[in-house]
Amino acid sequence: MSQTGQDRPSVLRAARERTRAEITRQILDTARRHLGTEGASGLSLRAIARELGASSSGVYRYVASRDELLTRLIVAAYDALGIAAEAQEATVARENLAGRWSAVCDAVRGWAQANPNEYALIYGTPVPGYVAPPTTIAPAARVSTVVLGILTDAAGHLTPAVAEDTVPPGGREALAPLRSIAGPGVPDALLQRALMTLAALFGTVSFELFGQLHGIIGEQPGDREAFFAESVRRWAEQLGISPGRSHAAPEAGQLKSARAAKTAVNAQATEGSTSPIAEEASP
């Protein structure tokens with residue numbers, strides 16, 4: 001066979017893959033629009049097919065079910081949020097732990113405000129009958145992984161209140177799954193406080209996004225920003241990384257621990273799962 005003949009199958013395959021990727025992108029983009037009008041529980045492949053001018057069977061060749069569509073949207077949303085947090089945190093000097101924490105918080109809030117429908121999909125009301133598969137775990141952990149990196153760097157530079165804090169045996173047992181990811185360098189009390197502050201972060205963002213702060217926080221320009229900034233500052237105090245404290249740059253061992261924590265999260269998420277959904281989920 002000539003060289004041209006040998007190349008033709010790969011050229012055709014590449015063209016088919018590009019076409020499939022483009023059609024899949026159109027399906028996901030249309031589904032995102034439907035999130036804003038129908039909500040996650042109202043997503044319908046038939047309605048998406050009608051908007052695209054395609055048959056239902058045609059759409060099913062690219063997305064096998066409503067649950068697969070939800071999974072792709074969820075993975076893409078988690079990845080986009082994680083990318084935003086990672087990028088903003090990376091702009092801050094490594095020794096500025098409070099600044100890095102603030103960057104993560106601001107990234108989460110900013111992304112939620114820019115993408116309210118996707119935020120509601122991953123942090124709003126669960127979709128009845130939908131069970132998220134293992135492929136969603138690693139994307140969902142991206143923000144937490146950034147925070148674990150900050151905690152690893154902070155472990156040797158905590159305020160006395162956090163450094164001397166302890167967690168009772170029952171609490172330590174409850175933290176065992178997170179402990180297996182974080183490694184021994186992060187104290188139990190810091191892990192406990194980190195989970196509490198992350199819950200407070202996402203809860204505060206959800207309160208604001210879903211209208212729960214009306215009549216509680218002022219409506220004047222800057223009121224909500226001021227409330228959120230003060231919340232971020234107080235959460236940093238809870239973590240023992242208050243602004244103004246001096247922190248040495250992380251040493252090689254701490255950086256290694258942070259990388260190991262991220263690897264552990266990804267390993268737990270992918271163990272026993274061979275689904276290709278996450279590979280095709282990015283918009």
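# Ring pairs and a helix contact

Me: By the rule for rings, how many aromatic pairs are counted?

Reply: This is a predicted model in which local features need pLDDT of at least 70 and side-chain atom pairs count only at pLDDT 80 or more, while totals for chains, interfaces and linings use all residues. Residues are numbered from 1 along each chain as its sequence is written, and side-chain values use heavy atoms, with hydrogens and water left out. Rings of Phe, Tyr and Trp (its six-membered ring) pair if their centres lie within 6.5 Å, with planes under 30 degrees apart counted as stacked, over 60 as edge-to-face and the rest as tilted. By this rule, the number of aromatic pairs comes to five.

Me: What geometry does the pair of tyrosine 78 and tyrosine 123 have?

Reply: The ring centres of tyrosine 78 and tyrosine 123 are 6.0 Å apart. Their planes stand at 90°, so the pair is edge-to-face.

Me: How many residues apart in sequence are the parts that tyrosine 78 and tyrosine 123 tie together?

Reply: Tyrosine 78 belongs to helix H4 (residues 66-90), and tyrosine 123 belongs to helix H6 (residues 116-123); helices are DSSP runs of H or I with at least four residues, numbered from the N terminus. The pair therefore joins parts whose separation in sequence is 45 residues.

Me: Is tyrosine 123 buried, partly exposed or exposed?

Reply: Buried means under 20% relative accessible area, exposed over 50% and partly exposed in between (1.4 Å probe, protein chains only). Tyrosine 78 is buried at 13%. With a relative accessible area of 25%, tyrosine 123 is partly exposed.

Me: Which helix holds phenylalanine 202, which pairs with tyrosine 123?

Reply: The pair of tyrosine 123 and phenylalanine 202 is stacked, with 4.5 Å from centre to centre and 25° between the planes. Phenylalanine 202 is itself buried, at 13% relative accessibility. Because tyrosine 123 lies in H6, the pair ties together parts 79 residues apart in sequence, and the helix that holds phenylalanine 202 is H12.

Me: Which residues do ring pairs link into a cluster?

Reply: The two pairs described above involve Tyr78, Tyr123 and Phe202, and these residues are among the members of the cluster.

Me: Which residues of H5 meet H8?

Reply: The axes of helix H5 (residues 97-114) and H8 come within 10 Å and cross at roughly 170°, where axes are lines fitted to C-alpha atoms over the stretch in contact and angles run from 0 to 180 degrees between N-to-C directions. On the H8 side, the contact (heavy atoms within 4.5 Å) includes Val143, Val147 and Ile150. The residues in H5 are Leu97, Arg100, Trp101, Val104 and Val108.

Definitions and conventions
Helices (H or I, at least four residues) and strands (E, at least two) are DSSP runs, numbered from the N terminus.
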